[in-house]
Amino acid sequence: MTHRRPELDLLTVAARWADPAGWPVALRFDPAERWYARLDVGDDHEVWALSWLPGQGTDLHDHGGSAGAFRVVSGALTEETVAAGRLRPRLLPAGAGRRFGPRHVHQVTNRGPAPAVSVHVYRPALLRMTRYHLVDGRLRVAEVAEAGRSW
């Protein structure tokens, strides 16, 4: 009889890393660009911390075939996904989280007045991300970024 290892719940992993006091790096906020740091890497996943000052956000992007989850540790973030040819926003306050599959495309922004912090987990580790533009209701590839380049 073969025993399978239970499936790792990425949102649960993100919740385990929700306290910046336990991080191997100091939390920072950078007014020039979003700050991020890899907190942990396992056999089949990796964990990242991100900080977001008001107005900071990502481009519309995927995760290169990796599934993932993220949890808002403090502040609030707005995630936008494409549905029916347009961006649909979803506000995620502190404590909220989101799981997503390997084909998920979104953009995340701090639209609030206060700084925000989030923890992101990816399986497998990120090797690339594709950035998109939404043109006439359709996703168009803008750039493919390989690991090691600025996300």
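Which residue in E6 is the bridge partner of Thr-81? Arg-88 is that partner. The views below start from this pair.

The model is predicted, so local features need pLDDT of at least 70, side-chain atom pairs count only at pLDDT 80 or more, and totals for chains, interfaces and linings use all residues. Residues are numbered from 1 along each chain as its sequence is written, and side-chain values use heavy atoms, with hydrogens and water left out.

**View 1. Strands E5 and E6 run antiparallel.**
E5 covers residues 76-83 and E6 covers residues 86-93. Strands (E, at least two residues) and helices (H or I, at least four) are DSSP runs, numbered from the N terminus. Eight bridges join E5 to E6. Two strands pair if DSSP finds at least two bridges between them. Thr-81 has its bridge partner, Arg-88, in E6.

**View 2. Ala-84 sits in the loop between E5 and E6.**
The hairpin of these strands has two residues between them. Phi of Ala-84 is near 50°. That is a positive value in a residue other than glycine. Ala-84 has a relative accessible area of 76%, so it is exposed. Exposed means over 50% relative accessible area, buried under 20%, and partly exposed in between (1.4 Å probe, protein chains only).

**View 3. E5 also pairs with strand E8.**
E8 spans residues 106-109. The pairing is antiparallel and has four bridges. Glu-79 stands opposite Val-108 in E8.

**View 4. Val-13 is a buried residue of helix H1.**
H1 runs over residues 10-16. Val-13 counts as buried because its relative accessibility is 4%. Which residues does Val-13 touch, not counting those up to four places away in sequence? They are Leu-8, His-45, Val-47 and Val-121. Contact means heavy atoms within 4.5 Å. Gln-56 is 43 residues from Val-13 along the chain. The C-alpha atoms of Val-13 and Gln-56 are separated by 25 Å.

**View 5. A cis peptide bond leads from Arg-123 to Pro-124.**
Omega of this bond is near -10°. Pro-124 lies in the loop between E9 (116-123) and E10 (128-135).

**View 6. Asp-136 has a positive phi.**
The value is about 50°, although Asp-136 is not a glycine. Where is Asp-136 placed? Its place is in the loop between E10 and E11 (138-146). Asp-136 counts as exposed because its relative accessibility is 76%.
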